[in-house]
Amino acid sequence: MAVLTKRPRIYCMPNRFGFIFFLIFILMLLVGGTYQNNLVFMMPIILLALGLVTIIQTARNIRDLEVVFLEVESDFAGHRSLARVVVRNNGSDTAFNIKVGVESLKKRRFFRPNLNSGVINTIPAKSLAQIEISYPLESPWGIYNIDRVDLSTLYPYGLFRTWIIGKKEAEFFIYPQPSGQQELPVTRSLIGEDFSNHRVYSVGDSFSRVDWKLLARGRGMYTKEYNSAHEEKIAFEIKELKKHSIEQAMQWIQLCQENNIEYSLKTDKISTAFSNSPSHYHQVLKTIVREFSDAHLVTNL
């Protein structure tokens, strides 16, 4: 028994060249009616047939496409991010010049971000194609939701814009910009006993590893390095929303990540384990946004 798959609705609208095309059709029809010339009458009929064929061919180019995957990267406000879209061509013909755009019809906590479009030149029959759409994160930090992907085409004649709407959802985060001049809090350290050498102190080094004796002798500020494995941990705790405290916490978290220091985050509702893996890094940043984005919205109204 054959299984019928429901195809998405196809929308069609003439672009400016399409409107010019139909304007020419109407003018020629009026000229033919005015002068009662059968040869002139034939031209608008031919143009009308060509217009109908154009609509059919443009719709055929896009009718078998389907959005199968959507992913949007989270990043800091002011940076650029990527939306990854995978499109499948279920038909037996190659699709050409498909424009892909992602957007949000429903708001979630904040206004819609400004997203761009990209173009897939060809999608062979019975195959997948992926495109990455780059866009700036110009909106305030918070949680956003993409809930549709538009696939459109002007191929082959460029007179009609034909499009279908793919219903795919993807949640992404815009993180607060890191900012602050405060040093990292004192770490809880377990340091090996085998001293290796000194290196010049740099911002973000733990004060527990500074050689204070050399500093007291006036020889400068140096950090001790050890051959043995060592472990450093920092526990961050945020209880209330303050712009400078959130931005400073973001700065500390980045410093921990860059210096391979394990850290955890504790808020009124959640507490994370100690780690410095990339997945833990994004988990902590998303936790901060989830906990304080509603309050941030109130302060910006």
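Arginine 60 has a relative accessible area of 42% in this predicted model, and because this value falls between the 20% and 50% limits, the residue counts as partly exposed. Its side chain meets that of aspartate 93 in a salt bridge, with 3.2 Å from N to O. Arginine 60 belongs to helix H2 and aspartate 93 to the loop between strand E4 (80-89) and E5, so the pair ties together parts that are 33 residues apart in sequence. Aspartate 93 is likewise partly exposed, at 39% relative accessibility.

Helix H2 itself covers residues 38-62, and its 25 residues should span 36 Å at 1.5 Å a residue; the end C-alpha atoms lie 37 Å apart, which agrees. Among the buried residues of H2 are Pro44, Leu47, Gly51 and Thr54. The helix's buried residues pack against helix H1 (16-35) and against strands E2 (65-72), E5 (95-103), E9 (148-153) and E10 (160-166).

Eight salt bridges are found in the structure. One of them joins aspartate 64 to arginine 63, with the closest N and O atoms 3.6 Å apart; here aspartate 64 is buried at 16% relative accessibility, whereas arginine 63 is partly exposed at 30%. Aspartate 150 and arginine 148 also form a salt bridge, at 2.7 Å from N to O, and both residues are buried. Glu71, Glu73, Arg84 and Glu132 are connected in a salt-bridge network.

Turning to the strands, an open sheet of three has the order E3-E11-E8 and mixed pairing. Its edges are E3 (75-76) and E8 (142-146), each pairing on one side only. E3 runs parallel to E11 (residues 170-175) over two bridges, and aspartate 75 has isoleucine 174 of E11 as its bridge partner.

Conventions. Residues are numbered from 1 along each chain as its sequence is written. This is a predicted model: local features need pLDDT of at least 70, side-chain atom pairs count only at pLDDT 80 or more; totals for chains, interfaces and linings use all residues. Side-chain values use heavy atoms; hydrogens and water are left out. Two strands pair if DSSP finds at least two bridges between them. Helices (H or I, at least four residues) and strands (E, at least two) are DSSP runs, numbered from the N terminus. The expected span of a helix is 1.5 Å times one less than its number of residues. Buried means under 20% relative accessible area, exposed over 50%, partly exposed in between (1.4 Å probe, protein chains only). Contact means heavy atoms within 4.5 Å. A salt bridge is a side-chain nitrogen of Lys or Arg within 4 Å of a carboxyl oxygen of Asp or Glu.
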